Every structure is written in structure tokens, then in C-alpha cells.
Amino acid sequence: MAKSVFRFLSRQPDTPELYGDNHLLRLPRYSDYKQWYRLRSESRTFLQPWEPIWRPDELTESSFRARVVRSGQEYASGLALPLLLFRRQDDVLLGGLTIGYIRRGAAQSCMIGYWMGEKHAGQGHMLAALQVAIPYIYGGLQLHRIEAACIPENWKSVRLLEKAGFEREGLLRKYLKINGEWRDHLMFSRLPEDGEFGKMLKP
């Protein structure tokens, strides 16, 4: 497989690690399975209303290992950057943030998605993660536009995006199949502001 277009454009290391004052975003590793399994299984009821239906093997180790491989492949091909979010002080897994649907050419844009473990929700962790990821998207990946979509009833996600500087653009009818049903989504977007050009990589 060809070397990543990300690496060519941004001169970033083979395994990107994005650092904030208290948080780390990086690609998943096999060794993350136990933490990932525990957090996702404990948070299933909390997460399910906002996600596609989980497959029967969703939480198995073999499924997670396939996820790790797929994440590396997506990154290497320049399609997506699926990251896990950790608290730096103790390497506790908090959730995940994916920079996906990366479009080059005239568009130079991406779509972000995210999830947070129930016991860590409402504590500002995902806003902090976005504040790490956004300058990197503009500077490291050299993208021009960030998009995000959420179910209108998910007011916590709406507030999060607004706090992170996203603007509401409209309603996407029956956009994604969530928890077994085609759901409308609000579309948000964000363009770069002065000074948002990414550092955040591990020195």
C-alpha cells in the first residue's frame, strides 16, 4: 500500500499522536482492548440511541483487532484518522474521535464523529479533544472545512459543536441509520480562524 498522503502533506510521524494539556488522541492499539471493552460495554445503554446498531460481535477481541487493522489502513490510505481519546495523567480511555470522509481535490474537507464513555461525559473532555484536533485538521492535514452532523434531539452534541465554533447549516433528511432507524441530522460546519494551524503533534 502506498505511503499515506497525510505523511507527505504534513511531515507527521507514522503513528500520529495529538497532545493537549491533559489529553492525548492517537490511533488504537491491540493493547487498548481491555480498556475499550470495559468502557464501551459499561456505556452501551448510554451510547446506543446515538449510534448504529451494534453487531453481535461488536465487543469481541477479534472484532477490536480488526478495527485496529482497519484504522491503520484508513490512515495509511488518507481516508480517515480514527483516534482514541485518553487522559494524559493516567492513560485512562475516555472515548473516541474520528476524522473521516476526508476529501481532497477542490473540497479539502472532512467529517468528524465522536463518542464518550458514560462515566466521563459532561466533564469537558470532548470539547478539549476538539480543541486539540481542530488545529491539526487545518494545519497538519491541510484541510479547509470540517463538517459534523448530529440528531436534533441530541442537545448535548449540538451544544458541544456550537462551543467548538461550528455553525449550523441545515437539516439532512433521513441521513444516517441510527439505532435501527433512518434519522434526520443537523449539519454543522467550521472554517479555520486565525492561528488555528496545528502543532499538537508529539515533539
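**Entry 1: salt bridges**

I began with Arg 26, which forms a salt bridge with Asp 32, the closest N and O atoms being 2.8 Å apart. For a salt bridge I asked for a side-chain nitrogen of Lys or Arg within 4 Å of a carboxyl oxygen of Asp or Glu. Both Arg 26 and Asp 32 are buried; my scale is relative accessible area, with buried under 20%, exposed over 50% and partly exposed in between (1.4 Å probe, protein chains only).

A note on what I am reading: this is a predicted model, where local features need pLDDT of at least 70 and side-chain atom pairs count only at pLDDT 80 or more, while totals for chains, interfaces and linings use all residues. Residues are numbered from 1 along each chain as its sequence is written, and side-chain values use heavy atoms, with hydrogens and water left out.

How many salt bridges does a search of the whole structure find? I got 14. One of them links Asp 57 with Arg 55, at 3.2 Å between the closest N and O atoms. Here Asp 57 is partly exposed at 35% relative accessible area, and Arg 55 is partly exposed at 41%.

Next I looked at Arg 145 and Glu 169, whose side chains meet in a salt bridge of 2.7 Å, N to O. Arg 145 sits in strand β6 and Glu 169 in strand β7 (residues 167-178), so this pair ties together parts that are 24 residues apart in sequence. I took helices (H or I, at least four residues) and strands (E, at least two) as DSSP runs, numbered from the N terminus. Arg 145 is partly exposed at 21%, and Glu 169 is partly exposed at 45%. I also found a network, in which salt bridges that share partners join Arg 55, Asp 57, Glu 58 and Arg 67.

**Entry 2: Glu 147**

Staying in strand β6, I checked Glu 147. Is Glu 147 buried or exposed? It counts as buried, at 12% relative accessibility.

Its side chain makes a polar contact of 3.0 Å with the side chain of Arg 103, and another of 2.8 Å joins the side chains of Glu 147 and Arg 145. By polar contact I mean a pair of N or O atoms within 3.5 Å; within protein, one must be able to donate a hydrogen and the other to accept it, and residues adjacent in sequence count only if both atoms are side-chain atoms.

**Entry 3: the cores**

I then turned to nonpolar cores, each a set of buried Ala, Val, Leu, Ile, Met, Phe, Trp, Tyr and Cys residues joined through side-chain atoms within 4.5 Å. The largest has 35 residues, and Leu 25, Leu 97, Ile 99, Cys 110, Ile 112, Ile 146 and Phe 166 touch the most other members. Which helix gives the most to this core? It is α5, with 9 residues. Apart from this core lies another, of 14 residues, including Tyr 19, Tyr 33, Leu 39 and Phe 64.

Cys 110 counts as buried, at 0% relative accessibility. Leaving aside neighbours within four places in sequence, Cys 110 is in contact (heavy atoms within 4.5 Å) with residues including Ile 99, Ile 137, Leu 143 and Glu 147. Cys 150 is buried too, at 5%. I looked for disulfides, meaning a pair of cysteine sulfur atoms within 2.5 Å, and the count came to 0.

**Entry 4: His 185**

His 185 is in strand β8 and is buried, with a relative accessible area of 3%. A polar atom of the His 185 side chain lies 3.0 Å from the backbone oxygen of Arg 183. Among the residues in contact with His 185, leaving aside neighbours within four places in sequence, are Cys 150, Pro 152, Leu 172 and Tyr 175.

In α6, I noted Ser 157, Val 158, Leu 160 and Leu 161 as the buried residues. They cover an arc of only 160 degrees around the axis, which puts them on the same side of α6; the arc is that of the directions from the helix axis to the C-beta atoms. Lys 156 and Lys 163 are exposed on the other side of α6. The buried residues of α6 pack against β5, α5, β6, β7 and β8. After α6 comes Gly 165, with a positive phi near 95 degrees.

In helix α2 (residues 33-42), the buried residues include Tyr 33, Trp 36, Leu 39 and Arg 40. Down the axis of α2, its buried residues fall within an arc of 140 degrees, so they line one face of the helix. They pack against α3 (44-47), α4 (61-77), β3, β4 and β5.
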